[in-house]
Amino acid sequence: RMFHDDELEESEKFYVGQPRVLLLIYALYNTLVARSEMVCYFVIILNHMISASMITLVLPILIFLWAMLSVPRPSKRFWMTAIVYTEVAIVIKYFFQFGFFPWNKHVDYTKDKPYHPPNIIGIEKKEGYVHYDLVQLLALFFHRSILKCHGLWDEDEKGDSSSNKEDTDDELSLTGGRRDSSASLKSVNLAASVESIHVHFPEQQTAIRRKSSSSISQLSHRSSFSSHSLYFLQCKLHVIKSHCGLYCFRTLQVYVPIRQFFYNLIHPDYSAVTDVYVLMFLADTVDFIIIVFGFWAFGKHSAAADITSSLSEDQVPEAFLVMVLIQFGTMVVDRALYLKKTVMGKVIFQVILVFGIHFWMFFILPGVTERKFSQNTVAQLWYFVKCVYFGLSAYQIRCGYPTRVLGNFLTKSYNYVNLFLFQGFRLVPFLTELRAVMDWVWTDTTLSLSSWICVEDIYAHIFILKCWRESEKRYPQPRGQKKKKVVKYGMGGMIIVLLICIVWFPLLFMSLIKSVAGITNKPLDVSITITLGGYQPIFTMSAQQSQLEDFNQTRFNMLLAGYRGNTAALQFLEGYGKEDITLADLEGNSNSLWTISPPSRQKMIQGLLDSSSEFTVVLSWTIQRTLGEVYPYYIKAPSDSLAKPIKQLLKGMYCKWKNITVSLVKNESGEGVREWWVLNQLGKTFKTSGDSLELIIFSDKVSPPSLGFLAGYGIMGLYASVVLVIGKFVREFFSGISHSIMFEELPNVDRILKLCTDIFLVRETGELELEEDLYAKLIFLYRSPETMIKWTREKT
């Protein structure tokens, strides 16, 4: 060993011998110390998510547009700004907690108003108003102590002074390098201007005074008056110049460092190239999913609870449409900037997106949703994921874009995980096509769009074959041995079960969804209307609320006992329980007077007296239908709107068609003669007294509301959408294999894969003529089976 210390070895042995829980605590603390700036960022963002005010808005914006863009780390000036700002915010919030302010007298009334000025500013009176600010201040001081322990706290000032000195030298020389572009601003000698304002001006005044005092005896009164006028004019001129110079100096003092900061960011001296586009894309994808499943949080409270119910009603919510378009548009722009590798565009996009998102989330969204941002959990989750995206985007800007973008990020390794993820990526509708077209638009190439798509398809196909060949090498199958039962029954059995489930899924679904998870849909109103021969209805009555009684177990047993021996009836009754049956007790007296004109009345009487002609009785409950029998005792109420008699319970010796008596009642009074009809059912089962009608309704179960959108298509709809569509994909997998043998059975695809990679590489390096040659070589290879055989032989 070059260096040996007994104390260090003893210390290492001591820590290794500690319990695992204590070692875990040590590791977590070391992680916290190593990423203390991330802890500060997280606490600041969390504080802003909970407070959602203008006071807490400043620091998150400074994080994404200053701290995370600083190279190599945020400066001392930023951390001092954050500490001082947090302390000032705590003092301001504490000052406005006193009750003598007018807005603090009605806190309960104004605390939930999003546009109440104290709520927007962040000075409202509330419990725990300063808790998160104190945690934020504690995190900032913790990070400050870590920087001081490692000697990084005062390092920035030394670096700034040295850089300022270099900048001054550059300003004086006005020569070369990357700072020449800012020479026009730096050529203004601000120090000299300030010196002339604050130093030379008093000297000039003193000289004038001395001159005037020494020559006062030699000048006349007129000349003295003129000298005093000149003196005042010079004073005014110097004051004007001093104010203008001071304003310009202060403006440039703010503008020049900001411009220089972004200039150094876009034109760095060195660049640690990295590629975090995949992580940014995943963050945007998570935000997209949050919008789809929680879009109601970005609109009015009256919006539907889920997107499926809105789309099933052919309604596209405005909040969902706007959020999806904005999110999708930002993803497209981000892809374009990534392909063009333009850091300046990314910086501009970052600035616009940071200000736009914060303005929309904390000033526009509360007015749209009519609730504060701190009460909108979905919006808070969306904002937090967007903050992760902002951090990744700032890291990408700080490090710079990669010089070469080759292929899909899922094609970097050849294993089962990349294979299945890549195939799942290609199964997403229009995603592969959209990506290919965007890559063609924003990448320098000589290939046409069709040729580009052809190369992409060949590359994808070769990558899939490469993954399968690598898996065959890792898990080789010896020659002459039959396949293991684990493979046959595992893969084959799973495919068999899957195909059977697909074929019989609609039947199983429609059967189980109503028998197991079905909900009883009991009638709310039962109405009866009887019409004689098409004349004015003679009887109308409805049963509601207390007149609709549920079947108890005793009545249900009586019903089953009455059909003992009737197989068809018992088979029908097996599908129903006592909770599915309703007994409707309808009053025998019509609820409306019988109004008919005298000619129609006389004609109806003649029709009833004429025994040689038919006279129909029309009974209607849901639809009108002419009945051979008089009164159906059992009615089935299915899930649709068509109610009909139950034939299984109305046939044979157990026929329950009931007869009814119809009588006309006349009431003579001073107001005249009033008539109405009275109906009474003969042979009532459960009711005996009074003129009334009994009706037993069997209600079919309906699917739960959460699955109604799927069950509503019915069995044929499910077969058409599930079995036929999925069957089409399965059939493509099992048919047409003979036509693709020469492209599928390739023993070694390394040479073809390298050719595709070479096309990507020469495209990135700008060798467009070579790109055309390699593309022509690839097309010729696929046109020539003999050459393909030579190229795909195993390496010897």
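Three bridges join strand E4 (residues 548-550) to strand E5, and the two run antiparallel. Strands here are DSSP runs of E with at least two residues, helices are runs of H or I with at least four, and both are numbered from the N terminus. Two strands count as paired if DSSP finds at least two bridges between them.

A word on the source. This is a predicted model, in which local features need pLDDT of at least 70 and side-chain atom pairs count only at pLDDT 80 or more, while totals for chains, interfaces and linings use all residues. Residues are numbered from 1 along each chain as its sequence is written, and side-chain values use heavy atoms, with hydrogens and water left out.

Back to the strands. Glu549 stands opposite Leu583 in E5. E5 also pairs with strand E12 (residues 692-699), again in the antiparallel sense, over 7 bridges. In that pairing, Ile581 has Phe698 of E12 as its bridge partner.

What is the order of the strands in the open sheet? It runs E4-E5-E12-E8-E9, 5 strands with mixed pairing. The edge strands are E4 and E9 (644-645), each of which pairs on one side only.

Now burial. Buried means under 20% relative accessible area, exposed means over 50%, and partly exposed is in between, with a 1.4 Å probe and protein chains only. In E5, 5 of the 7 residues are buried, so the strand is largely enclosed by the rest of the structure.

Next, Tyr576. This residue lies in the loop between helix H23 (567-573) and strand E5 (581-587). Is Tyr576 buried or exposed? Its relative accessibility is 11%, so Tyr576 counts as buried. Leaving aside neighbours within four places in sequence, Tyr576 is in contact (heavy atoms within 4.5 Å) with Phe556, Lys636, Phe698, Ser699 and Asp700. Tyr576 and Asp700 are 124 residues apart in sequence, yet 7.9 Å apart in space, C-alpha to C-alpha.

Elsewhere, helix H4 covers residues 54-67. From first C-alpha to last, its 14 residues reach 19 Å, close to the expected 20 Å; the expected span is 1.5 Å times one less than the number of residues. H4 is mostly covered, with 10 of its 14 residues buried, among them Leu57, Pro60 and Phe64.

Last, Val503. This residue sits in helix H21 (residues 485-515). Val503 counts as partly exposed because its relative accessible area is 37%.

That is the tour.
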